[in-house]
Amino acid sequence: MFRVALSEHQRRLEKLSQRQERCHQAALYAAASTASIASNQLNSEVGQIYDNQKRIEEEVKLVKDELARFQANVGNLSSLVRQVHHALKEVGDFENYLSVVEEQVDRVGLTAQSLMSGGSMADVPLQDTASQQ
């Protein structure tokens, strides 16, 4: 009887040992599989991040190039605006010059007319100093 119980106990121990070994092997396989899946997922995400970073760097380069062209265009436009401003200023100066010349021509005409009609230089109006400025 003791032998039967001992033999039964040995058999149960052997089954438990085999079951424990199968569970251990299954756990090792599951852990390796889980690690592989996690690693693949992380590598995939890292790959996506790397691709996104490359695209962003390319877009940044394009934006920098476009900004450089824009700055050059703004510089050219600024130069053109200064030239137009200077030209308008010169036109204003020229208009003022023409106005003064016209006044002087009118005065010369009045003087000539006055002298021809027998008047004297005293009859000719004096120069208007306000219009000269």
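Biologist: Is arginine 12 buried or exposed?

Modeller: In this predicted model, the cut-off for an exposed residue is a relative accessible area over 50%. Arginine 12 has a relative accessible area of 54%. Arginine 12 therefore lies above that cut-off and counts as exposed.

Biologist: With which residue does arginine 12 meet in a salt bridge?

Modeller: Side chains of opposite charge can pair when their charged atoms come close. For arginine 12, the N to O distance in the salt bridge is 3.7 Å, and the cut-off is 4 Å. Both partners lie in helix H1, 4 residues apart, about one turn of the helix. The partner of arginine 12 is glutamate 8.

Biologist: How far apart are the closest N and O atoms of arginine 11 and glutamate 8?

Modeller: Arginine 11 and glutamate 8 are 3 residues apart in helix H1, so about one helical turn separates them. Both are partly exposed, arginine 11 with a relative accessible area of 41% and glutamate 8 with 27%. They form a salt bridge, and their closest N and O atoms are apart by 2.4 Å.

Biologist: Which residues are linked in a network of salt bridges?

Modeller: Glutamate 8 forms a salt bridge with arginine 11. The side chain of glutamate 8 also meets that of arginine 12 in a salt bridge. The linked residues are therefore Glu8, Arg11 and Arg12.

Biologist: Which residue forms a salt bridge with aspartate 65?

Modeller: Aspartate 65 is partly exposed, at 33% relative accessibility. The closest N and O atoms of the pair are 3.3 Å apart. The partner is lysine 61.

Biologist: How many salt bridges does the structure hold?

Modeller: Glutamate 8 takes part in salt bridges with arginine 11 and with arginine 12. Aspartate 65 forms a salt bridge with lysine 61. The number of salt bridges in the structure is 3.

Biologist: What accessible area do Leu67, Phe70 and Val74 have together?

Modeller: These residues form a nonpolar patch on the surface. One of them, leucine 67, lies in helix H1. Leucine 67 is partly exposed, with a relative accessible area of 45%, and a patch residue needs over 30%. Together, Leu67, Phe70 and Val74 have an accessible area of about 290 Å².

Key
Residues are numbered from 1 along each chain as its sequence is written. This is a predicted model: local features need pLDDT of at least 70, side-chain atom pairs count only at pLDDT 80 or more; totals for chains, interfaces and linings use all residues. Side-chain values use heavy atoms; hydrogens and water are left out. Helices (H or I, at least four residues) and strands (E, at least two) are DSSP runs, numbered from the N terminus. Buried means under 20% relative accessible area, exposed over 50%, partly exposed in between (1.4 Å probe, protein chains only). Patches are made of residues with over 30% relative accessible area and no salt bridge: like charges are joined within 9 Å, nonpolar side chains (Val, Leu, Ile, Met, Phe, Trp, Tyr) within 5 Å. Accessible areas come from the Shrake-Rupley method with a 1.4 Å probe; for residues, only the protein chains shown count as cover.
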